[in-house]
Structures are given as structure tokens and as C-alpha cells.
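Colleague: I have the sequence and the coordinates open. Can we go through the folds and contacts step by step?

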Amino acid sequence: MPTLVILATTDSALADAWERQLPPGRSVLRLPTDGFFSGSAPGFAAVVVLDAICEPSLPPSLARCPTIFVGEPRSLPFEQARLAGRARVYLSYDDSATRLRELLPLVEEVAEKQSMVELLAEKNRRAEPVRPAVRATTADSAELWDFFEGAVENIDSRDRLIAEFRRASRHLLRASHAVFFHREADGFRADRGTSFFAADDPLVAFFEHHPAVIDGTNWDGPADPVAELAVRHRLALWGARLLVPVHDNARLLGLIALGVRDDGQAYDDNDRSRAVFFARLLRHFLAKAGHFGRLNLLAEQASLGAKYLPGTLVLGPGENAPRHVPLVVRELIGQARHTREVCRAWPGDGQPFRASAGIVAETGGVWAFWEEASVEVHDAAVRQRAGRRELLRELALTLSHELGNALVSLATFRFSTPAQPLPTAIIEAVKSDVVKLEALNEHLALMQTLHEASAEPVDVRDLAQAVGHALGLRVEVGPDPVLLSVCKKLLDFALRALIRTIAENRPDQGTRELALKVRSTGTGSELTALLSLKGKHLELEGILPEPVDDAVPNQGRLGVFLAKEILRLHHGEIHAGPGMEGTEILISVRKW
């Protein structure tokens, strides 16, 4: 066990010169700047390098330690100390700056031998009489419960928890002071002061092989006197009377150094038993404090995750999803439990969530994550509509170019006078075809302007009445306005194209006995205009009669195609459905 070297001088330069000559790793204590516990137990090995000026202020407890006396030769203090045999070695100030290195090992050996002799002499002394055990009083029980309450209350803070145990050591063990050493990566460090001992210190090996409380005044000691010297050296250095190890599976986790009892008496068996339970309790509380700290950190991270990622959920094996979880997520959770695989759902029409769910391997439960992606769905729909409109524009430009040349030739032929007149039937057929081609060209011209359309507030009732008046159609409207933001020009064309097509598909009746009814449903942003065409023998390509499987599709007229596309741009649709007077053609329109 290395001997403690005590430098007793007020000259800092002289102390630095002495300390530079010490071997590496040697424990050094400077007086009077550093504190030192009064009194020293047997087994305390120390060498004092004493400045003659500081001899009167040297603590009496260090007078028995081997001393190297440093002073001015032939001075009165120096010669008096030499005559009285005060020290083992006498050096001048100049010699102490160079020769301390060679003389210190000899004096250290004397100090170690002297401490072992004192230790053996102490063992031969009469043992101190054992005090009778005192039963715990009501006050002790109250202090114990108060300690438990404080420890549990401060389990979230390691420093406050140690403070509670320090307070308990004063009240329950009657210790004058307590120092707690905690294990770190390279050794054990005191919670107060600068005391430290390395992980390979002989003290650690001794306590790991002898997990028992050490009482400095009532301890038989091990068979190895070197190990006993190491323990007693620490007892004297820390001013401790009781050393209580904190163990976990034969591994030293910490050490509690308790000072003398505040009543001056020695620790008895009851006190040592309390100290053992005290150390066990400290070990459990420190372990739980670490777990509690990690749980607090996880709870804080979970609260932040719930703030920035609200769509997360972890369920137990038989736990049901809360009601606030979207339906698609609950369905994914059921699929994941059934397939035992990760299931995913993507946002789309009628389902604005991106979600995934899978199995928690550790617990057999389910995890789920979802996020609302309605903006992405809306953006995708807008891009799709823009693409369809651009496609229609390109198609219209192409067809208009192809049909335009033919129309020019036919129009020229219609107004020319051939040398041999054609039959009247052929001429009328050509004129009819030219009219149809001109109407088709107008429709294509409209397709080219779909991407340039702009919306404006329009009362759908007024628009329907204008179309009905122009086509000779009966219109039924309600008393409440149906005000929507629509493209008036396009919606007017769509209604006219649909009505004209229905009239052409029943040439014997035309628009007679054909009615257009306008009503609405919803309010605000959900307002929807509902239009229905009623009559006999209704027929519209792709709508009525309803298409059946394996039937050859009838593409119909370009005007009907454009009308459907215009309704789709207005978030509407057209289909056939039952009505009061038979099957009707139902049209829905929402804002642009």
C-alpha cells in the first residue's frame, strides 16, 4: 500500500519542489491548505516532510509519523529538533530540493513497519466492552418512515437520493459524517470532496473477496497484514470508522465510509447489521433511480413524438385499437394480426391516409403508423385533371387540323356548280354531313379551350332555365338558389350537348315530353347541384341503356364525350337511376 506523503510548509514553491521528486502515483497531502481529519487509527502509514517554520502548527496526531525535518542548519529550531530526536532525517532547504528523492523510500519503509507494529499492538489490547443493544423507539420508527418517504419522493434525482441516504445515516446509524463512493469507468469517486481510488486498488480486491462491514475499532482483520494495512490506511485517510461495501453479484458497486458515532461510542453488532441493510437498500434505490431516469427520458421522447408524430400506436397482444384511430388503420391492424406480416395502405379516393402496421416481435402485440395525406390526394387529382385537359387539347388540335381540310373541300364542293348536276338526294346528304362536320369542328374548338376555363359564381337554376328556353325544354326549379362557382360556358355546352343527343336519339319525339329538374343538397363547400332528365324512351351513349359485360362499347358522339369530361372537371358525374316516372338520367355538379 503506498504511503501517504504530507508536505507541511507554507512556501508553495518549496512544496512544488518537494512534490516533483515524489514517485508517480504517490498520494500527497499539503498542510495547512488541505483538510485533514483529527486523529489517526492504528495502521495509518504516513511520512511528514516538515518545514521548521511550520512545526508549531503541525497537528498532534502527526507527531508520531516518521518525519523529514527541513530547516536552516545551525538555526535554533533546527538544532533543538536534532537534539530532541524529533525526526528521522534532517535536511537543509537546498538539500531538500535535490536529495528528497533518494531519502524518501527509506523513511517510507520505516513508516510502513511502524504502522504494522502499531496494528499488532492494538490487537493485543483489551477488547472494548460491548454495549447492550437498544431497541428501536417510536422516534426511530418515525425517522425510518420519514427516510423511506423522502427516498421514494426523490428517486428521480440521484443527487437528492444520496442526500436522503446521508441524512438517514446520521439519524439511523448515528454517524457523524458519511461519504458515498460510486463506481465509475476508471475507479470509485466520492460524492463529496476529491477522494478517489482506482478500480485496481487493493481495497477493491479485498472487498470483492470479503463482502463484509469493516469496523476500524472492532475488527480481527485478515490473515494478510498488507491487506489490513491498506484498509486501515483508508480508514485513517478518510477519517472513517465504518466501511460498508455495496455489492452486486460479487462485484463492488460502491463504498460507504461512515465516521465515528456522534455520541462517541463504538458501533455494535446492531449498527453493523443496519449498515448492511442500508447498503442493500442504497443499491436497489440507485438501480431503480437509473431505471426511473431512463423511463422519464423515454416518456419525454414519447411526448415529443406524440406532438410531432401523432399517428403512432403500439398495442398489446389482446388490446383493441382506440376509437379515434381511423378505420383503415384498424383494418390494417387486423390484417397484420392475421397474416403476421407488415401491411400497408396508400392514400386514394375516399381514403386520405398513408398507413402501415406490423407485429411487435418482443410482445406479440401490434404497432401501427399513419399520416393524413389528403393534400397529396388533392394534388394528385389536380395533376390528373390537368393532364386530361392537356390530352384533350392535343386531341382536339389534331382532329381539328385533320377535319378542317376536309371541311374546306366539302364546303367548296357544296357551293360549286358542276357541269353535270348531282342528284338532289346526294346533294342533301352531303350538305347534312357538312353541317355535322362543322358542328364537330366547333366541339373540337371548345376542347382546345378547356385548360383556359375560369370559374365564376352561377345560379344553376338560371343556367338550366336558359338552356331549356333555347331548346324548347320544360324546366322545373326549386325556390332556393343553387349558387355554385362553375365555368358557365362549359356547363352550358355540356347540358346542351346531352339534351340534343337525347333528342336526336328519339327523332319522333325530340324534346317533347322531356323535362329537366334542378334541386340541391348539402351546404357550404359540400353544396351539390342535382339535375335530372325525365321522359320516355331516353337513350344516351354509355349511360342509358346501361352497358353490360362483354358488350361492344359504343363511343357515341364527341359532344357527349366532352359533356362527361366537363362534368368530371366540376367534380360531378352522370348516370342512370330510377325515378318517379321511370328511369332518369341523373347529373351532379359541384364547384369548379
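Predicted model: local features only at pLDDT ≥ 70, side-chain atom pairs only at ≥ 80, totals over all residues.

Colleague: Is α12 parallel or oblique to α13?

Modeller: Helix α12 covers residues 460-471. It packs on α13 at an angle of about 45°, with the axes 10 Å apart. Angles from 65 to 115 degrees would count as roughly perpendicular, and those under 35 as roughly parallel. The angle therefore makes α12 to α13 oblique.

Colleague: Is the crossing of α12 and α13 left-handed or right-handed?

Modeller: Handedness is a separate matter from the angle. For α12 and α13 the crossing is right-handed.

Colleague: At what angle do α13 and α14 pack?

Modeller: Helix α13 spans residues 488-505 and helix α14 spans 558-569. Their axes are 8 Å apart. The crossing is left-handed. The packing angle is about 140°.

Colleague: Which residues of α14 make the contact with α13?

Modeller: From α13 come Leu 490, Leu 491, Phe 493, Ala 494, Ala 497, Leu 498 and Thr 501. By class, the contact holds 11 nonpolar, two polar and no charged residues. The α14 side consists of Gly 559, Val 560, Leu 562, Ala 563, Ile 566 and Leu 567.

Colleague: How many bridges join β14 to β15?

Modeller: Strand β14 covers residues 353-359 and runs antiparallel to β15. Within this pairing, Gly 358 has Trp 367 as its bridge partner. Ile 359 stands opposite Val 366. The bridges from β14 to β15 number seven.

Colleague: Which residue in the turn between β14 and β15 has a positive phi?

Modeller: The two strands form a hairpin with six residues between them. The phi in question is about 80°. The residue is Gly 364.

Colleague: What is the bridge partner of Leu 315 in β15?

Modeller: Strand β12 (residues 312-315) and β15 (residues 366-372) pair in the antiparallel sense over four bridges. The partner of Leu 315 is Val 366.

Colleague: What is the strand order in the open sheet of six strands?

Modeller: The pairing is antiparallel. The edges are β8 (196-198) and β9 (214-215), each pairing on one side only. The order is β8-β7-β6-β11-β10-β9.

Colleague: In β11, which residue is the bridge partner of Phe 181?

Modeller: Strand β6 (residues 178-183) and strand β11 (residues 252-258) run antiparallel, joined by five bridges. Helix α5 packs on the sheet and touches both β6 and β11. The partner of Phe 181 is Leu 255.

Colleague: At what angle to β11 does helix α6 run?

Modeller: Helix α6 covers residues 202-209. It lies across β6, β7 (187-190), β8, β9, β10 (242-247) and β11. The angle to β11 is about 100°.

Colleague: Last, the aromatic rings. How many aromatic pairs does the count come to?

Modeller: Ring centres must lie within 6.5 Å to pair. The count comes to 14 aromatic pairs.

Colleague: How many residues apart in sequence are the parts tied together by Phe 165 and Phe 285?

Modeller: Phe 165 and Phe 285 form an edge-to-face pair, 5.8 Å centre to centre, with 70° between the planes. Phe 165 lies in helix α5 (residues 158-172), and Phe 285 in helix α8 (residues 269-308). The pair therefore ties together parts whose separation in sequence is 120 residues.

Conventions:
Residues numbered from 1 in each chain as written. Heavy atoms only, no water. Pairing = 2+ DSSP bridges. Axes fitted to C-alpha atoms, helices over the stretch in contact; angles between N-to-C directions. Left-handed = near helix turned anticlockwise from the far one by under 90°. Contact = heavy atoms within 4.5 Å. Nonpolar A, V, L, I, M, F, W, Y, C, P; charged D, E, K, R; others polar. Phe/Tyr/Trp six-rings, centres within 6.5 Å; stacked < 30°, edge-to-face > 60°. Parallel < 35°, antiparallel > 145°, perpendicular 65-115°, else oblique.
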